[in-house]
Each structure stands twice: as C-alpha cells, then as structure tokens.
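I opened this one to look up its confidence, its strands, its core and a few loop residues. My notes follow in the order I took them.

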Amino acid sequence: MEITRTIKKLLLGLAAVTAISATAQDKLAMQAPTDKTLKSIEALKLQKSLAYEDLDMPASQLYTTWETERVHYYPNAIIPDSFRIDLSGYYMPTESRKITSNYGYRRGRMHKGLDVKVYIGDTIRSAFDGKVRIVQYERRGYGKYVVIRHPNGLETVYGHLSKQIVKPGDIVKAGEPIGLGGNTGRSTGSHLHFETRLLGIAINPKYLFDFENQDIVCDSYLFKKAKSSAGGSGIVYHRVRKGDSLSRIAAKTGSTVSKICKLNGITKNTILRPGQVLRCF
Ligand SMILES: [Zn+2]
C-alpha cells in the first residue's frame, strides 16, 4: 500500500516537472518572431532565467523565501551547523584595493561590512552569478543599495551607490555591472559598503575577499554556526602567496603565529610554499 502511494507520488512529481518545462517551452515559443530585437532580448532574458532556475544550487537548500523589500528577514530560517561556500566563480566588486573601514565595532555599533574606497561613478560589479533580490533606497542607512542572492548560498549587499542599474529579479553574471559608486545614505565620502551574508548572518568579507590583492582568500569558505547569537564565525584558510611570512599572514587574518603553527602542525621555522593552504582559525 505504502509503496504504491510512494510510486504514485513520484509519478505525480514527474508529471509536474514535465508540465513546468512544457510551459517554459511555450513561453519561449511565444516570444518567437514579430518585433525582432525587443522580443529576442526578452527571450534571452527568459532563457537566462530558466537556465538559472534549473541550476542545482546550494542556495536552494538554505533559503525558503524570496523577499524583495526587507534586507534581513528570514523568519523560518534553519541555520546549518556548517555550510561550505564555494567562492571559485568570484569577480571583484570593485577594482579598488583600498579598505577605508573594517568589519567590526565602530563608534559603539557593529559595522557588518567592509568599506572600500571608490569614487562617484566607479563601476560596481556583482561578486558572483546571482539573482537580484532588492534594489532600494535607505536615506539613513545603506543609501541606494542592491542585494543579490547567489547560488553558492551567499547574499551580497552593495551600499551607498550613486546609481543602481539592475532591477529585482534580474539574473546577473559574476562581474556584471550592477551600479555606480557613490556617497548616498549614511556615508561621509564616496565608498562602497560591501556585505557578505548567509541567511542574514554577516560574515566578515575579509575572510572571503582580499581587495588589496584583488583575489579571494580561499577557494571555499566553511561557514560554522556560532554557539552564541553573535553571528557567524568560521574556519579561516589562507592561501600562501610569494613573499608571505607567518607573521604577515597572522596580521592579515587577525590570527597569531603560534595559533597558525598549532592548527597546521608546523613550526615558525617551516618554509612556506606559495599555493599552500593554511588554516588560520
Ligand atoms: Zn560601511
């Protein structure tokens, strides 16, 4: 009895899947000739969006809602104990290498992003492939900002823009321009306020992006649920570059030489090889 029911359910599920792709096909077919340029742009957009929805993405295990107004609203979120975030498809949001303010406590309040120096009109790009969730204006906060959800599970926030050039629902590629640098909202001097979050939990962008070297810090980042409610903490890896020393890596990641030695079973005299990955936390 139970088995027949399961099979029935499976068949129904399959039928639903087939039905969805048939509609998708129809939608594409309907976009066909008539006004060539406009229709083909629309068809391309639709194709892009269908291809995106078809992706087997880690993000779909995490997020159950799609909210286009509120930035940090995850009413029924189940935060996994750990979650690996693949950073390999990254693109630096800006060419700027200058950090003007770090993540952390600042003037008595938590600054949950990284400030990167940009000038008004500088191109700001999506850090990964993704789907634009929010395009809004917050006078006393982010100013003109954009929030993008990425298949790897991260959401990125880009604040203080002078212009937003995407719309909610847009599918963007890593590196695709999403706005222009600016000084809107709670900001003194033009800069990009950049946040990286998982289910609304802020992760220090410095653990993921190395703006000075225009690179990612590691190919993947292991998010670990914090024991307290203080937010995300994680295991931090660092890929050794030419000229790196243990003290330099310690300074860069906010760790200490002895901690890095202990975590990796090395001594402070061990010779580091470029490309070698060290755990720093
Ligand atoms: Zn900021």
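This is a predicted model: local features need pLDDT of at least 70, side-chain atom pairs count only at pLDDT 80 or more; totals for chains, interfaces and linings use all residues.

**Confidence first**

For the protein, the average pLDDT is 84, and 84% of the residues score at least 70.

**Overall counts**

I listed 5 helices and 20 strands. Of the 281 residues, 30% are buried. I then took the contacts between residues at least 6 apart in sequence: 61% of them join residues at least 24 apart.

**Strands E1 and E17**

I looked up the pairing of E1 (residues 82-86) next. E1 runs antiparallel to E17, and 5 bridges join the two. Ser-82 stands opposite Lys-224. Asp-86 stands opposite Ser-220.

Which side chains of E1 are buried? Phe-83 and Ile-85 are, and they point to one face. Tyr-221 and Phe-223 make up its covered face. Ser-220, Leu-222 and Lys-224 make up the uncovered one.

**A three-stranded sheet**

I traced an open sheet of 3 strands, in the order E6-E12-E10, with antiparallel pairing. E6 (123-125) and E10 (163-164) each have a single partner strand, so one side of each is left without a neighbour in the sheet. I counted 3 bridges between E6 and E12 (residues 177-180). Ile-124 stands opposite Gly-179 in that pair.

**The largest nonpolar core**

This core has 45 residues, and Val-146, Tyr-158 and Leu-208 touch the most other members. Strand E8 (residues 143-149) gives the largest share, 4 residues. Where does the core lie relative to domain 2 and domain 3? Domain 2 (88-214) and domain 3 (246-279) both give residues to it, so it lies between them.

Leaving out residues up to four places away in sequence, Leu-208 touches Leu-87, Thr-196, Ile-203, Ile-216, Val-217 and Tyr-221. Tyr-221 had already turned up on the covered face of E17.

**Positive phi in two loops**

I noted Leu-199, where phi is near 50°, a positive value in a residue other than glycine. Leu-199 lies in the loop between E13 (191-198) and E14 (201-203). Buried or exposed? Leu-199 is buried, because 20 other C-beta atoms lie within 10 Å and the cut-off is 20 or more.

Gln-214 also has phi near 50°, and it is not glycine either. Its loop runs between E15 (209-210) and E16 (215-216). Gln-214 counts as exposed, because it has 12 C-beta neighbours inside 10 Å and the cut-off for exposed is 12 or fewer.

**Gln-276**

How many other C-beta atoms lie within 10 Å of Gln-276? There are 15, so Gln-276 is partly exposed. I also checked Gln-276 against Arg-239. The two are 37 residues apart in sequence, and 5.7 Å apart in space from C-alpha to C-alpha.

Definitions and conventions. Residues are numbered from 1 along each chain as its sequence is written. Two strands pair if DSSP finds at least two bridges between them. pLDDT is the predictor's confidence in each residue, from 0 to 100. A nonpolar core is a set of buried Ala, Val, Leu, Ile, Met, Phe, Trp, Tyr and Cys residues joined through C-beta atoms within 7 Å. Domain bounds come from an automatic or database domain assignment. Two residues are in contact if their C-beta atoms, placed from the backbone, lie within 7 Å.
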